[in-house]
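Subject: Structure handover

Hello,

Here is the structure you will be taking over. My notes on what was found in it follow below.

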Amino acid sequence: KDRKRAQILKAARNVFIRQGYQASIDEIAVSANVSRRTVFNYFANKEDLFEALVMPNGIDYPDIFLDTSGDIRTNILDFARRYVEATTHHDVVQNYRLLRSGPPGSSEYAYAIQQADFAKVRDLFAAYLSTLIEYGTIRPINTKFASERFLASALGSNPLLVTFGINPPEVDRDEYLQEAVDGFLQGILSD
């Protein structure tokens, strides 16, 4: 039973991404190799099916800033790599695209999820910076603003590229991230 539901969800995701929310249950059933009735055995209506696809979303960011005794550059660079990877991961991008193609109001919902994801990681990074300030490792700064600027800098044009289906080469991405981290550190390190 779980396998059949997963089969329908996988087909629905592909059909919704290709055709948008206007895709029919019949098209989803054909793609899933099941009958229309089978789809309705698992989902009350198209809205129910769409909601099942988009509800488990948001990005899980690992809490990597617990060790403040390590090298700051290494910690921040590791964080930046994980952040960019998580944010530009194919499944995450597909989920946001799917949300934007949904019923009225789903674009606002997608934006709210993106903002909540961003706030989680911004607050995590700001807490790390606050700890570094307490230790005297970096000068006093507005950690929320510094976190927002750093996250935007770390992402660079990656979200735009990924939106259009272009993945930046790993070498270029890492070189860019190293430059972003070094520039950020120049601005916050204590003398």
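Threonine 143 is found in helix H8, which covers residues 143-155. This is a predicted model, and the values here are computed from it. Threonine 143 has a relative accessibility of 15% and therefore counts as buried, since the cut-off for buried is under 20%. Leaving aside residues up to four places away in sequence, threonine 143 touches Ala126, Leu129, Ser130 and Ile133.

With a relative accessible area of 54%, tyrosine 135 is exposed. In sequence, tyrosine 135 and serine 69 are 66 residues apart; in space, their C-alpha atoms are 10.0 Å apart.

Now the chain as a whole. What elements does the chain contain, and how many? There are ten helices and zero strands. Read from the N terminus on, the elements run α-α-α-α-α-α-α-α-α-α. The chain has 191 residues, and buried residues make up 39% of them. Its accessible surface comes to about 10,800 Å², and 51% of that surface belongs to carbon and sulfur atoms. Among the contacts with a separation of 6 or more, 69% are accounted for by residues 24 or more positions apart.

Two packed helices are described by the angle between their axes and the distance between the axes.

H1 with H2
The axes of H1 and H2 are 8 Å apart, and the helices pack at an angle of about 125°. That angle makes H1 oblique to H2. The crossing in which H1 passes H2 is right-handed. On the H1 side, the contact is made by Gln7, Ile8, Ala11, Ala12, Val15, Phe16 and Gln19; on the H2 side, by Glu27, Ile28, Ser31 and Ala32. By class, these residues divide into seven nonpolar, three polar and one charged.

H4 with H6
Helix H4 (residues 46-54) packs against helix H6 (residues 90-100) at an angle of about 150°, with the axes 10 Å apart. Angles over 145 degrees count as roughly antiparallel, so H4 and H6 are roughly antiparallel to each other. H4 passes H6 in a left-handed crossing. Phe50, Leu53 and Val54 in H4 meet Asn95, Leu98 and Leu99 in H6. The contact of H4 with H6 has five nonpolar residues, one polar residue and no charged residues.

H5 with H8
Helix H5 (residues 72-88) and H8 pack at an angle of about 65°, and their axes are 10 Å apart. H5 passes H8 in a right-handed crossing. From H5, the residues in the contact are Ile76, Phe79, Ala80, Tyr83, Val84 and Thr87; from H8, they are Phe150, Leu151, Ala154 and Leu155. Nine of the residues in the contact of H5 with H8 are nonpolar, one is polar and none is charged.

The remaining notes concern single residues in the first part of the sequence as listed here.

Asparagine 14 is found in helix H1, which covers residues 2-19. Is asparagine 14 buried, partly exposed or exposed? Its relative accessibility is 35%, so asparagine 14 counts as partly exposed. Along the chain, asparagine 14 and leucine 98 are 84 residues apart, while their C-alpha atoms are separated by 9.2 Å.

Valine 30 is found in helix H2 (residues 25-32). At 63% relative accessibility, valine 30 counts as exposed, because the cut-off for exposed is over 50%. Isoleucine 8 is one of the H1 residues in the contact with H2.

Asparagine 33 lies in the loop between H2 and helix H3 (36-42). Its relative accessible area is 67%, so asparagine 33 is exposed. Most residues other than glycine have a negative phi. In asparagine 33, phi is near 60°, a positive value in a residue other than glycine.

Regards

How values were computed
Residues numbered from 1 in each chain as written. Predicted model: local features only at pLDDT ≥ 70, side-chain atom pairs only at ≥ 80, totals over all residues. Heavy atoms only, no water. Helix = DSSP H or I, 4+ residues; strand = E, 2+ residues; numbered from the N terminus. Buried < 20%, exposed > 50% of the residue type's maximum accessible area, 1.4 Å probe, protein only. Contact = heavy atoms within 4.5 Å. Areas by Shrake-Rupley, 256 points an atom, 1.4 Å probe, with all protein chains shown as cover. Axes fitted to C-alpha atoms, helices over the stretch in contact; angles between N-to-C directions. Parallel < 35°, antiparallel > 145°, perpendicular 65-115°, else oblique. Left-handed = near helix turned anticlockwise from the far one by under 90°. Nonpolar A, V, L, I, M, F, W, Y, C, P; charged D, E, K, R; others polar.
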